[in-house]
Amino acid sequence: MPLDSLSLSLSHDSTQLNLCNDAPRGVHNIPILLACQESSFLSLPDLQEARRGEKNGGGGGSLNTLVRRKQVDSKHLTSSTSSGSHQYQLARALTAPHLIAIGVGATIGSGVYILVGTVAREHSGPALTLSFLIAGIAAGLSAFCYAELASRCPSAGSAYHYSYICIGEVVAWLIGWALMLEYTIGGSAVARGSLPSFLARQTIPGLGIVVDPCAAIIVILVTALLCLGIKESALAQGIVTSVNICALIFVIVAGGYLGFKTGWRGYELPAGYFPFGAKGMLAGASTVFFAYTGFDSITSTAEEVKDPQKDLPIGIGTALSMCCTLYMLVSAVIVGLVPYYAMDPDTPISSAFASHGMQWAAYIITIGSCTALCASLTGSLLPQPRILMAMARDGLLPSFFSDVSRSTQVPIKSTIVTGLLATVLAFFMDVEQLSGMVSLGTLLAYTTVAVSVLILRYIPPDEVPFPLSFKEAIDSVSLRRSISNSPADVCVENTKVYAINPENSPLLVRKEAPTRWPPINRGLNFLVNKGNRRKIAGWAIVITCIGILVLTSATSFSSIPSILRSTLCGIGLLLLVSGLILLTSIDQDDARHNFGHAGGFICPFVPLLPVTCILINMYLLINLSAATWILVSIWLALALLVYVCYGRTRSPLKHAVYVPATHVDEIYEASSSVALL
């Protein structure tokens, strides 16, 4: 068929336009020819919308700016990054034992030496062991979600990185700022709140300001350690964590001996094993849940792991299992030695041994508490610089934060900034008042990770952003695919590479403005069903999350009238069950198998497990104090202001070229071929 006989009739404003017969055959008009050969690519209104988006600098409207997502980790992306600037490369030096040390050290802080007494006295009683078990299972649900995303997307950034790939830029930005609450303020709280007040705190004469110089010195020392290198930091973390574990093992063994010798009088109570009932046990579980936060520190080092697909899931699972086991054994021993109502809320473990004539045990427990402080502080300050580095790489923060030292191969500037900020907070502020903000930031991160797993499985991104430097390769693939789908006798001159300008871009691509990408084979009806399936799955996820929000809110606010509360509970439960049934009955997207790096951990029991994870986290979020929510809302509002003024306009995705995910391999191959020419 001759070229002049190609025609495409497009309807616009009731006018039939014949573009192909009048189109010149020059190289610059190949996009029009592509539209003629593949009439399903874009209708004229869509083409005009895409052109408007290009003229506006890639902006597809404010909503598209909110949900634009970056490219998932892959072998192509890793190789292209490796061939770029060397300063962005971190040292791959960590193995599974290093990750276990980081996770256990970050999770088991010195608070466990106090927490058992407080929770046993106020909530759980002898059932404290079950509270730790329930909380450990709840934390394990989040750990499953983290393990899959970390092995699929092994780059620095943790929950910020995952939400940027799966949800969108604005949500990722907010999660990045929420993680600052978890790590920086959390680290300051650990340093300031874990030392005895007579040793640590001093009052400035005349000002009445209580400062903590010892806490500030500890933060400076840990920051200096982190600047030496990731392997050195992991080694030091392993040493102090081992000492802490040995102290806990001493508590378990020696306490167990005393318990069997004295008959476990703490369990022989008239009130029985559940003095506060099942409700008290669950209240205790919600309190000790935060004793498990810290395992997510492992995922922030994903880019520095030698074999992330294998070692990251092992590190996360082993660290959390060890923490849960130690918590349960320590709590079982202590509540058995002393009746829960007689425990010292400040030094429950030391006083328990002292009541049995072992006052010297306090020295071992103090050593364990101090090493736990150092390990927890290291685990808190280690992830934050890597999150700042990831945000700077993505253009949302100044490039200053992405600089990596050539000698130590760590983000040295981000580490110093994080350490200075944590030092100031630990020295001047009573960060105990901000501890609720740390919990809220952690729960927000856990919730978005669980949502990201649902998105990954059911509606993984079907469009991939490429920088403008790939336009030549994209054009080549677009032309080659169009020719392969055109009749055999179509002849197009100079089909290898052609010039690009904003008015003549191939219709394979778009810039930010969302465009419908029809299937290459238009005769296959199952591709249409796939599109419907994605829409249904997306709405099912939204309905499920709304149902969880309504249900947890109704059950948590006791001030609501009983009739309204019961109605809201019913509506929330109906939405939750409906969404869960929809997700269970819908096949998961086949594209999930090609999402990120293959061969890693796969989260089981999807969608039930991540939905349960979202439910637990949302319940804990709703039950945080109103003052905490006000403070975090102010913090996130400040984050949005910074994003609007800086990050939104400097994001590389503003000028990104989006292509169907199925064409990624071809584009990278074409890019390699063009580079060799």
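Mentor: The account below begins with the chain as a whole and then turns to the helices and the salt bridges.

This is a predicted model, in which local features need pLDDT of at least 70 and side-chain atom pairs count only at pLDDT 80 or more, while totals for chains, interfaces and linings use all residues. Residues are numbered from 1 along each chain as its sequence is written, and side-chain values use heavy atoms, with hydrogens and water left out.

The secondary structure of the protein chain comes to 25 helices and six strands; these are DSSP runs numbered from the N terminus, helices being H or I of at least four residues and strands E of at least two. Of the 677 residues, 54% count as buried, where buried means under 20% relative accessible area, exposed over 50% and partly exposed in between, with a 1.4 Å probe and protein chains only. Among contacts (heavy atoms within 4.5 Å) between residues at least 6 apart in sequence, 84% join residues at least 24 apart.

Two packed helices are described by the angle between their axes and the distance between the axes. Helix α7 (residues 128–152) and helix α14 (residues 308–337) have axes that come within 10 Å and cross at roughly 175°. Here the axes are lines fitted to C-alpha atoms, for helices over the stretch in contact, and angles run from 0 to 180 degrees between N-to-C directions. The helices α7 and α14 are therefore roughly antiparallel to each other; by the convention used, angles under 35 degrees are roughly parallel, over 145 roughly antiparallel, 65 to 115 roughly perpendicular and the rest oblique. The residues of α7 in this contact include L128, F132, G136, G140 and Y146, and those of α14 include P308, L312, I316, Y327 and V335. The residues of the contact of α7 with α14 divide into 18 nonpolar, six polar and no charged, with Ala, Val, Leu, Ile, Met, Phe, Trp, Tyr, Cys and Pro counted as nonpolar, Asp, Glu, Lys and Arg as charged, and the others, Gly among them, as polar.

The contact is made by G436, M437, L440 and L444 of α19 and by T628, W629, L631, V632, W635 and L636 of α24. The residues of the contact of α19 with α24 divide into eight nonpolar, two polar and no charged.

Charged side chains pair elsewhere: the structure holds 10 salt bridges, each a side-chain nitrogen of Lys or Arg within 4 Å of a carboxyl oxygen of Asp or Glu. One of them joins the side chains of R152 and E148 (3.0 Å, N to O). Being four residues apart in helix α7, R152 and E148 are separated by about one helical turn, and both are buried.

Another salt bridge joins the side chains of R386 and E304 (2.8 Å, N to O). R386 lies in helix α17 (residues 383–393) and E304 in the loop between α13 (277–288) and α14, so the pair ties together parts that are 82 residues apart in sequence. Both R386 and E304 are buried. For α17 as a whole, 10 of the 11 residues are buried, so the helix is largely enclosed by the rest of the structure. Just after α17, G395 takes a positive phi of about 80°.

R534 also forms a salt bridge, with D462, the closest N and O atoms being 3.9 Å apart. R534 lies in helix α21 (residues 525–556) and D462 in the loop between α19 (435–458) and β5 (463–466), so the pair ties together parts that are 72 residues apart in sequence. R534, at 16% relative accessibility, counts as buried, whereas D462, at 38%, counts as partly exposed. D462, R533, R534 and D589 are linked in a network of salt bridges.

Two further buried sites complete the account. Eight of the eight residues of helix α8 (residues 159–166) are buried, so it is largely enclosed by the rest of the structure. Q237 lies in helix α12 (residues 230–262) and, at 2% relative accessibility, counts as buried. Not counting residues up to four places away in sequence, Q237 touches A101, I102, G105, A106, C374, A375, T378 and G379.
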